[in-house]
Structure formats: C-alpha cells, structure tokens
Amino acid sequence: MTLDLSLLPDGGMPWITASGPHADIVLSSRVRLARNVAGFPFSPRARDAERLEVLDRVREAAGHSSLLAHAVLLRVDELTASERRLLHERHLVSKELAELDTPTARRGSAVLVGDEAALMVNEEDHLRLQVFRSGFDISGAWERASRLERELGDRLPLAYHEEFGFLTSCPTNVGTGLRASVLVHLPGLVLTQEIGKVLTGLQQMGLTYRGLYGEGSDVVGNFFQISNQTTLGRTEDELCDHLARVVAHVISRESEARRVLSRDAGYIIEDKLWRAYGTLRHARNLGADEAMNLLSGVRLAVGMYLIGGLSVYTLNKLLVFSQLAHLSLAEGRPLTEIEANLARARYVRGVLAEEAGGA
Amino acid sequence: MLCDQCKERDAMVHLTQIVGAEVTQLHLCEKCAAAKGIETTVAMPKHPLGDFLYAVQQPAPPAVGDQARCAHCQTSLRDFRASGRLGCAHCYTAFEGALRELLRRVHGAARHRGREYTASVMTPAPETGGTTELESLRVRLQRAVAAEEFEVAAALRDQIRALE
C-alpha cells in the first residue's frame with residue numbers, strides 16, 4: 001500500500017487553517033475518547049484474527065456514522081516506517097500506533113480519517129476517536145466527538161462497567177475515556193520566566209502538560225500540550241469545562257506577558273524576533289529543534305504584529321512540513337539527518353520567500 | 001464427592017437451587033445430571049445460567065494476590081503491574097478490589113460519573129444489544145451471589161432467562 005495523502009480531507013489536519021479562536025496562541029483543540037468493543041480482548045492482548053475482526057466491525061459501524069461515512073481508511077499495518085512517521089507528524093496516529101521503531105506495525109492497526117474526525121483502530125484500545133479543531137474550541141471538539149461516539153456505540157457493543165464506566169486497556173483512561181487537550185504556544189510566559197509558576201499551577205488543578213507530540217515528547221519551540229490528567233469521577237462536561245476555564249486563564253496570562261515584553265523590552269524583543277526570521281529566510285542548514293525554536297520566535301513576532309504579511313496558517317504548515325518524514329516525502333527518498341537539515345533550510349526559505357513576495 | 005443421586009460416580013455438577021428464600025445444593029455426576037436435563041457444561045459456561053452455577057460453586061475469591069488471573073484472558077495481576085495494562089474487559093471484574101484502590105489513588109475517585117451506556121438505548125441491533133445487557137446482568141448476578149443476596153440473584157436470573 002502506498003500512502004496517498006492527497007486523498008485526505010485537509011491533509012487530515014483540519015486544525016492547520018488557523019481559522020479558530022485565538023489561533024495565534026492556540027494551534028489546536030482536541031478531544032479524544034478511548035473505547036473498546038465488548039467481547040474482544042484489548043488490542044495488545046488480542047490475536048491477529050481478533051484485531052482484524054474488530055477492524056471489520058469498526059469499519060462497518062463507521063460507514064453508518066455522519067462524521068466518518070466518507071472517511072479514508074489507512075491500514076497502518078501495511079505502511080512502511082517512514083509512511084507511519086508521516087501520519088504521526090500530522091498527529092493522525094499516536095506514537096503507540098505508529099510503532100516508529102519497528103519494521104511493521106501491529107496487525108489490524110488502522111486509522112480512519114474524515115473531514116472533522118479521525119479514528120485510530122487497534123491502538124492500545126480498540127477505538128481512539130479524535131476530533132481536532134482549529135484554535136481554542138474544546139466545546140466544538142467535544143460536541144463532535146460525542147456525536148461520533150453515540151453513532152458508533154449504536155452499532156458496536158462497547159465495553160462498559162456500571163461502576164467503572166467505559167473500560168480501557170490502561171486504567172488511567174477508564175471512566176469517560178476522555179482526554180481533552182489544547183496545544184498552546186507560550187513564548188511570552190517563557191521569556192518573562194512566568195512559565196514555571198503557570199505549569200505548577202496546572203498540575204495543582206488536575207491538569208498536565210506535555211510537548212508538541214503528546215506523551216513522552218519533549219517541549220520544543222515553547223509549544224505545550226495541556227490536558228486533563230484524570231478521566232474518572234467527573235462528567236465529560238466537567239472535564240472539558242475545567243480545562244477550558246484554565247486554558248482561557250493561561251491565554252490571558254500569555255497575552256499579558258506579551259504586553260509586558262513589548263512595554264519593557266520592546267526593541268530587544270523586536271531585534272531577537274527579526275533575527276529569528278532572518279535566520280529562517282537565509283540559513284542553509286537547519287536542525288529540527290533549531291527550526292522549531294526559530295519558528296516559535298517568528299510566530300510570536302506575527303502575534304505581536306511585528307512582522308506582517310505572514311499568516312499563522314503558513315506557520316502551522318511550516319511546523320508540520322519541515323519535519324523529517326515530510327521532507328523525505330517531498331524529496332522522494334528517505335533522507336539522512338544531514339540531508340534533512342539541508343532540505344529543511346531549502347524548504348523554509350522557499351515558503352518564506354514566497355510569502356514575502358506576495359506581501 | 002459422590003453423586004447425590006447414584007452414589008457411585010464422582011459428582012461433577014454442583015447445582016444450587018433457589019426456591020423463594022431457600023437455597024439447596026445438589027451434587028451430581030454428569031450422567032445423572034444429564035438424566036435430569038441439567039446442562040453439564042459447567043467447566044466452560046456458554047450461557048448465563050452456566051455462569052451463575054459456575055459462580056455459585058466457586059469458592060469465595062481469595063484475597064487478590066499477584067498470582068490472581070483473569071479467567072477470560074489469563075492476564076495476572078503481576079502482568080498488569082509490570083505492563084500497566086489490563087488484558088480485557090473482564091480483568092476489571094477479576095481484579096475489582098485491587099483496581100478500586102488503584103483508581104482512587106490515580107483519579108481521586110473510583111466511580112464513573114460520566115455518560116452512561118445502556119446497550120438497549122444505544123444498541124438497537126438485538127443481537128449485540130442483548131449481549132451487552134446480558135453481560136451487565138451477569139456481572140450483577142455474580143455480585144449478588146458473592147454477597148449471598150439470593151433473592152436478588154433469583155430475580156436477576158429470571159431477567160437473564162427472559163432475555164435469552
């Protein structure tokens with residue numbers, strides 16, 4: 001199977017358009033629901049035949065749902081490691097499902113990609129429903145995820161326990177199976193050194209933070225994924241509302257930090273951000289983390305109206321398309337790290353030159 | 001133990017009958033059980049009544065140690081502690097006590113308060129819907145038996161029969 005990403009609506013990234021509220025600070029809002037089909041062992045414990053049967057039944061059920069009726073099915077178990085990395089870079093499959101370090105993924109693993117929702121099959125749980133929204137829109141993501149879950153639950157018997165709720169492979173997800181997360185860009189809080197207090201505050205309020213690619217990923221480029229830590233004992237609305245309230249507060253703190261930077265260190269910040277832009281415009285050799293940090297600076301400059309003519313959409317695109325698997329795809333062959341650094345610099349220069357020309 | 005009926009062969013089927021509040025136990029060999037029209041698939045219950053009989057004749061579950069295993073997927077509590085993952089939905093019943101404690105530590109709560117899932121509402125297809133509801137009834141039945149609430153158990157058993 002060859003991966004044809006052009007088949008995917010919005011390339012599978014409805015969030016990339018930067019059309020949602022607070023899109024300069026919040027890249028995306030996501031709601032994920034973990035579910036299992038009753039009568040089958042959980043995916044890691046199931047036999048190949050059982051996982052394939054789960055996949056068949058999920059496909060059948062998804063075909064009747066309004067959000068996934070026209071979804072594209074990608075059999076992750078038939079993809080190469082590089083193709084799986086590509087999907088991971090687009091946040092379409094988790095690290096667990098992509099199994100980046102093995103030659104082949106688990107039999108029966110797949111992802112269904114629709115216009116507004118995606119569904120991982122045979123990840124740690126049989127079903128991982130995901131809805132991404134552009135900007136700060138947790139309620140929009142929850143509304144769609146909830147609708148999709150009802151539609152699938154109408155046709156698939158789900159593993160449910162009257163005391164523990166929806167049953168999941170790992171008890172950290174049991175109950176609602178809901179993980180709501182918001183990917184935020186907080187360079188203002190990092191530069192004003194307020195970030196430590198904010199992150200400690202998040203944990204005290206039952207929330208957790210991770211890097212750009214969720215669990216186990218490092219924080220680079222001042223991107224933080226904030227999500228609820230617990231899934232049991234509170235209703236879905238309570239979990240989403242709590243996260244939304246706290247994130248709204250974080251957004252206002254970030255905006256305030258940017259105002260302070262502008263007021264107290266105007267020319268220093270301005271110089272620093274233009275230098276980041278200059279490096280991206282002209283560098284010949286760009287490492288992955290370096291690119292991420294420079295893009296973070298440019299993103300801040302755009303948010304502070306220091307650099308015009310550059311859209312947040314372009315910045316979102318650069319974040320995804322300047323990564324290893326995407327560069328390899330564009331070059332038509334797997335790249336070494338050094339080759340990727342050269343290709344990355346070339347790609348970023350090209351995009352920024354095009355935008356500057358159009359401005 | 002010898003068969004209550006023929007007193008010759010080993011009793012393989014252990015039947016608990018509940019009539020009103022009275023509970024009687026009958027131990028039969030496979031032959032006599034078959035002669036009485038009683039299912040003899042106790043070792044591998046295929047239907048709810050089998051499960052019920054199976055649950056009744058099991059000794060009370062020992063204090064859950066690391067060796068305890070889920071009867072459905074064979075995952076042990078030790079496996080779970082090593083991997084952090086349970087093997088199947090039945091593990092939640094098999095390790096209920098240990099899990100309740102763990103959930104309280106991890107989530108600060110051990111009871112689901114979110115959306116409820118009722119198969120009959122959300123699953124119009126009678127086959128699959130029936131299965132989930134039956135499963136739920138079976139779990140409740142096992143709990144009622146474990147708690148020696150035999151009247152509740154009898155009512156649940158009747159509901160299961162009706163659904164079948």
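**Entry 1. The two chains**

I began with the interface: 32 residues of chain B are in contact with 36 residues of chain A, contact meaning that C-beta atoms, placed from the backbone, lie within 7 Å. I then looked up which parts of chain B take part, and α5 (96-107), α6 (119-122) and α7 (126-146) of chain B are the elements that give two or more residues to the side that touches chain A. Helices here are DSSP runs of H or I with at least four residues, strands are runs of E with at least two, and both are numbered from the N terminus. I sorted that side of chain B by class and got 15 nonpolar, twelve polar and five charged residues. For this sorting, Ala, Val, Leu, Ile, Met, Phe, Trp, Tyr, Cys and Pro count as nonpolar, Asp, Glu, Lys and Arg as charged, and the others, Gly among them, as polar.

I note that this is a predicted model, in which local features need pLDDT of at least 70 and side-chain atom pairs count only at pLDDT 80 or more, while totals for chains, interfaces and linings use all residues. Residues are numbered from 1 along each chain as its sequence is written, and chains are lettered from A and ligands numbered from 1 in the order in which they are written.

**Entry 2. Chain B**

I looked up the elements of chain B and found eight helices and two strands. Along the sequence they follow the pattern β-β-α-α-α-α-α-α-α-α. Of the 164 residues of chain B, 30% count as buried, which requires 20 or more other C-beta atoms, placed from the backbone, within 10 Å of a residue's own; 12 or fewer make it exposed, and anything in between partly exposed.

I checked one loop residue. Phe95(B) lies between α4 (91-94) and α5 of chain B, and it is buried, because 21 other C-beta atoms are within 10 Å. The C-alpha atoms of Phe95(B) and Phe80(B) are separated by 9.9 Å, and the two residues are 15 residues apart along the chain.

**Entry 3. The sheet of chain A**

I traced an open sheet of eight strands in chain A, with the order β2-β3-β4-β5-β1-β8-β10-β9 and antiparallel pairing; two strands pair if DSSP finds at least two bridges between them. Strands β2 (72-75) and β9 (207-210) of chain A each have a single partner strand, so one side of each is left without a neighbour in the sheet. From one strand to the next the twist averages 20°.

I followed the bridges at one end. Strand β8 (residues 178-185) of chain A is joined to β10 (residues 223-228) of chain A by five bridges, and Val182(A) has Ile226(A) as its bridge partner in β10(A). Four bridges join β9(A) to β10(A), and these strands run antiparallel. Thr208(A) stands opposite Ser227(A) in β10(A).

I found helix α1 (residues 48-63) of chain A lying across β2, β3 (110-113), β4 (118-121) and β5 (127-134) of chain A, at about 165° to β4(A). Helix α6 (residues 195-204) of chain A packs on the sheet too, touching β9 and β10 of chain A, and its direction makes about 135° with that of β9(A). Axes are lines fitted to C-alpha atoms, for helices over the stretch in contact, and angles run from 0 to 180 degrees between N-to-C directions.

Asn122(A) has a phi of about 65°, lies in the loop between β4 and β5 of chain A and counts as buried, with 29 C-beta neighbours inside 10 Å. Asn222(A) has a phi near 60°, lies in the loop between β9 and β10 of chain A and counts as buried with 23 such neighbours.

**Entry 4. A helix pair and the cores**

I saw that the axes of α9 (residues 288-303) and α10 (residues 312-321) of chain A come within 10 Å and cross at roughly 170°. That makes α9(A) roughly antiparallel to α10(A), a term for angles over 145 degrees. The residues of this contact divide into seven nonpolar, no polar and one charged.

The largest nonpolar core has 127 residues, and Val111(A), Leu119(A), Val184(A) and Val298(A) have the most contacts inside it. Such a core is a set of buried Ala, Val, Leu, Ile, Met, Phe, Trp, Tyr and Cys residues joined through C-beta atoms within 7 Å. Apart from it lies another core of seven residues, among them Ala11(B), Val13(B), Cys29(B) and Ala33(B).

How values were computed
Two residues are in contact if their C-beta atoms, placed from the backbone, lie within 7 Å. Angles under 35 degrees count as roughly parallel, over 145 as roughly antiparallel, 65 to 115 as roughly perpendicular and the rest as oblique.
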